[in-house]
Amino acid sequence: MESYYGPDFSSLAREDPDVARLLVEELARQRGGLQLIASENYTSPAVLAAMGSTLTNKYAEGYPGRRYYGGCEVVDRAELLAIERAKRLFGAEHANVQPHSGASANLAAYAALVRPGDTVLAMALEHGGHLTHGSRLNFSGRWFDVVSYGVRRDTELLDYDEVRDLALRHAPKMIICGATAYPRPIDFAAFRGIADEVGAWLLADVAHTMGLVAGGVAPSPVPYADAVTFTTHKTLRGPRGGAILCTEEVARRIDRAVFPFVQGGPMMHVVAAKAVAFGEAARPEFAEYAERVVANARTLTATLEAAGMRPVTGGTDTHLAVFDLRDLGVDGATAERRCAEAGVTLNRSVIPYDPGSPSRTSGIRLGTPCVTSQGMGPDEMEEIGSIVAQAVRNPNAVASLITRVKALVSAHPAYGDAPTAVGDD
Ligand code: PLP
């Protein structure tokens, strides 16, 4: 029996009702409010089914046709399917679909292309980069000499002249482009030019936007970067995991970095689910979905801007936007809490040149992948914008806002036909 809790939820409910109840409660949470975390999405039942499958039982260290375990003939085919679909979808020469996550994919890319102590040029975390782009708390900042570039103070856009100056001054072995909280397209050709000028590898980390690339609404780094890392669970709407695309030139290094350097056996159930997600992302409906994600982000951003929340860079061309709340006199943590009380999940975020701190940021970040997967469109974005703006400004409005959130999510339920209690399945 298939359900949204796994292929045989009734046996889980029988064997371990404590865990079963948690699955039910978490789905109720996901369905009961608005999920505006930019890095989240609702996977399809087909992806869930592959993830909840007996492929989890199989050890398959190595690569198709070159495993360290017997009995891999079937999972070999699953991995080859994922590899071929990823290559076709993104026009890549080589794909590695084994990374367990975006961070593992990045660790493998560093391991393949640079050595500890080498200089790496990457976007500053405070300006929208990721922990793995040089944070002192992460392997990247601990083991590499990371020089950071940022965005301009006046436009809040990437400053390619600064990137070039820093590259010429520091001669990095690798340049990383890609971000966690940057709402505008990245000029991958410009990064390629700079990397070529200083003889550096170019790594594009498009963890966030790869679904938009698949849908044809964001620029692809594949023609420009030596390696491209991404997650499969954000805009791409697949299982939690990572993947790497690269040129033939570095393919062997990348494969050896993923296994045996960084990881052991791959999660074959997740690899199969990645194949499902790549298949789904190749369909015309997915391109329409990606277009609606961006259109929704623009409408939501315009609505919030009209309500006094300043969008960083003045707007968005992607699935996410970052807002500066200083004019409202509310910090990001307070805004996050007030929205949560109204049934809206989003996260605090630093803004470029933030005078606050990582725990008391001046901004919030929100995104539209989840609400778009629920089938919401421009009217709902205006309603969500109005709800978020009121929640942020007025803590006393919570009760009426909860009613409005419930109206939206019951008109557009996530996983519309999922059972709501253990035993309903
Ligand atoms: N790289 C970027 C740009 C990201 O935004 C993220 C996640 O937010 C990651 C890497 C890490 O992905 P994961 O959480 O799957 O390790």
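Good morning. I begin with strand β10, residues 242-246: five of its five residues are buried, so the strand is largely enclosed by the rest of the structure. Buried means under 20% relative accessible area, exposed over 50% and partly exposed in between, with a 1.4 Å probe and protein chains only. Strands (E, at least two residues) and helices (H or I, at least four) are DSSP runs, numbered from the N terminus.

The model is predicted: local features need pLDDT of at least 70, side-chain atom pairs count only at pLDDT 80 or more, and totals for chains, interfaces and linings use all residues. Residues are numbered from 1 along each chain as its sequence is written, and side-chain values use heavy atoms, with hydrogens and water left out.

In a regular strand, side chains alternate between the two faces of the sheet. In β10, Gly-242, Ile-244 and Cys-246 point one way, while Ala-243 and Leu-245 point the other way. Which strands pair with β10? Strand β4, residues 94-96, pairs with β10 in the antiparallel sense over three bridges, and His-94 stands opposite Cys-246. Strand β9, residues 227-231, also runs antiparallel to β10, joined by five bridges; here Val-228 stands opposite Leu-245. Two strands count as paired if DSSP finds at least two bridges between them.

I turn next to helix α8, residues 188-198. Its buried residues are Phe-188, Phe-191, Arg-192, Ile-194, Ala-195 and Val-198. Seen down the axis of α8, they fall within an arc of 165 degrees, so they line one face of the helix; the arc is that of the directions from the helix axis to the C-beta atoms. These residues pack against β6, α7, β7 and β8, where contact means heavy atoms within 4.5 Å. At the N-terminal end, Asp-187 caps α8, with a side-chain oxygen 3.3 Å from the backbone nitrogen of Ala-189. After α8 comes Gly-199, whose phi is positive, near 70 degrees.

Finally, the ligand. It is surrounded by 13 residues, the closest being Gly-102, Ala-103, Thr-180, Asp-205 and Lys-234; a residue counts if one of its heavy atoms lies within 4 Å. Helix α5, residues 102-113, gives the most to this shell, with three residues. A polar side-chain atom of Thr-180 lies 2.6 Å from an oxygen atom of the ligand, and a polar backbone atom of Ala-103 is 2.8 Å from a ligand oxygen atom. Thank you.

Key:
Polar contact = N/O pair within 3.5 Å; in protein donor to acceptor, adjacent residues only side chain to side chain.
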